[in-house]
Amino acid sequence: MWDYTDQVKDHFLNPRNVGELEGANAIGETGSLNCGDALKLYLKVNENERIMDATFMTFGCASAVASSSALTEIIKGMTLDEAAKITNDDISDYLGGLPKAKMHCSVMGQSALKKAIANYRGVQILEKPGELVCECFEVTDLEIIEAVKANGLETTEDVTDYLKAGGGCGQCLDRIEEVIESVRAKG
Amino acid sequence: MKIVYTDNNATTKVADEVIEEMLPYLGELYGNPSSMHTFGDKVNKKLKQARLRVAGLINADPGEIIFTSCGTESDNAAIYSAINAYPEKKHIITSRVEHPAINNLYQHLQGEKGYDVTFVPVDKKGLLDLDLLYDSMSDNTAIVSIMWANNETGVIFPIEEIFKKANEKGILFHTDAVQATGKIPIDVKKTKVDMLSFSGHKIHAPKGIGVLYVKKGFKFSSFLVGGHQEEGRRGGTENTASIIGLGKACELAKENLPVMNTKVRELRDYLQARLLEKIPGSSVNGALDARLPNTLSIGFDAVEGESILLLLDREGICASSGSACTSGSLDPSHVLMAMEVPFKSAHGSIRFSLSHYNTKEEMDHIVSTLVPAIQKLRDMSPFWKDGEMI
């Protein structure tokens, strides 16, 4: 059984800000049914780009629900510029930490938030830059490099825990190893 | 909080009668059964009785029973013994839905030992592609090993028929009967498999004791090389108390076989009918008419298994899921994926596995807990709206 913190349990059992948000003017969606978790984030942003309200709909495990709930609590009242700085670690810290194998749930929160902000600003998130490494979960080499650098990841298992990459069919595991090596080589 | 235990395919409660039978051998009767004194021989005599009882459950001769430490050891011993007996044969046939205890062994043999392994697929009901299985058999096949019943769905495979085909071609046949034993009748005089594995802790004996049945005449080679125990087929001082406990458990399992196929089956069917009736967007995984009487694998659309389990856990209900998130991997169970269960319900599949200790009140408790739990999760699922999948 996962060693969830009391905060994770609380946000799973009593999630804050669940449901569609009437009058939302920014929506960010990430994940899919096939992946096993998905998050749809709704924001109501005022003319000063301040987040007046935030809600979510999530399909996933306890830490996915808790991460979504925490995210909405964190960003309410922030400006979009402030919210744009929120990272997956902020979400995880808010919950007192997540098991390593569940870090991708907090990454999902960060990703939905980025998409919602882009959606509000009318910026289209173009096709991801970089080379596609993991086809199952659509993860590129640039995303892996960023995660490896930011979180000091060392093994393919670490990368899977954070980004899910390599956790499906597993065919890209060698490629992930190469990407980790390349980061290491460059120091 | 009262525990409602419906995870018996994972492990079972040790029966009170089994504990009672074991206690003297954990206490004052600690002698080594191999010793040349009456004190040790007392234990030896009790072991003989246990061996008879274990053999009796599957209608084997006592000399065909080898005690091991677990089902995994039995499986490993069987497969290694087969490939040692036929070192020139480099092909193995198994199914895509075997337990990791044996599946990972095949991955190892395939990857590092150069074996060609045929993983026979299953259809949407979890039934084997028998034509492919039979067509794969060749002079190069060292062993065919197919589980008797699947641990996740409870689907039962036609072991007698598969054994006959293998036997006609002179190929060894092993079955992992860990889930089938004690739930459906097994008679190795009728279904003359060469080797069969089962485990104590799935039939109300303690953990740490397994059985490998090896048909008389097969040139078995030891997996654990050591002393003369088990007639030189498995080294290591006997786990006396557990073997004695397993003997009692096998005796009880034989007595309980009719109960398993009446009372337990009725409880399972009752639970299944109530859940299908009360929860829209739910579906049973596996062939309804070829299942173990105690197993129900049921998928709920648009929700995820770990979340369901944690909500059940709050009410003391123990079950398990084929969901990725409970295991640390990211794909749903290899069994449900092999059956091509759609993702919409595969991630939200829960396995209830009953025993004769369960009651109708417990089934009602599961239903009254699960109905609002699924509703709560669907209320926050982006894939569910107004009573249906979107």
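Select chains A and B together: between chain B and chain A there are twelve residue pairs in polar contact, both residues at pLDDT 80 or more (a pair of N or O atoms within 3.5 Å; within protein, one must be able to donate a hydrogen and the other to accept it, and residues adjacent in sequence count only if both atoms are side-chain atoms). This is a predicted model, in which local features need pLDDT of at least 70 and side-chain atom pairs count only at pLDDT 80 or more, while totals for chains, interfaces and linings use all residues. Residues are numbered from 1 along each chain as its sequence is written, chains are lettered from A in the order in which they are written, and side-chain values use heavy atoms, with hydrogens and water left out.

**The interface of chain B and chain A**

On chain B, select α9 (305–313), α10 (324–327), α12 (343–346) and α13 (360–379), the elements that give two or more residues to the side touching chain A (helices are DSSP runs of H or I, at least four residues, and strands are runs of E, at least two, numbered from the N terminus). The largest share, five residues, comes from α9(B). By class, this side of chain B has twelve nonpolar, five polar and nine charged residues.

Next, pick B:E306 and A:K102, whose side chains meet in a salt bridge at 2.6 Å, N to O (a side-chain nitrogen of Lys or Arg within 4 Å of a carboxyl oxygen of Asp or Glu). The rule finds two salt bridges across this interface.

Now show the whole interface: 26 residues of chain B are in contact with 32 residues of chain A (heavy atoms within 4.5 Å). The buried area is about 2300 Å², of which carbon and sulfur atoms give 68% (the accessible area, with a 1.4 Å probe, that two parts lose on being put together, summed over both).

**Inside chain B**

Which side chains meet in a salt bridge here? Those of B:E340 and B:K124 do, at 3.3 Å, N to O. The count between the two domains is one salt bridge.

Finish with α11 (334–338), listed with α8 (240–278) and β10 (295–300) as the elements of chain B giving two or more residues to the domain 1 side. α11(B) gives the most, with four residues.

Conventions: Ala, Val, Leu, Ile, Met, Phe, Trp, Tyr, Cys and Pro count as nonpolar, Asp, Glu, Lys and Arg as charged, and the others, Gly among them, as polar.
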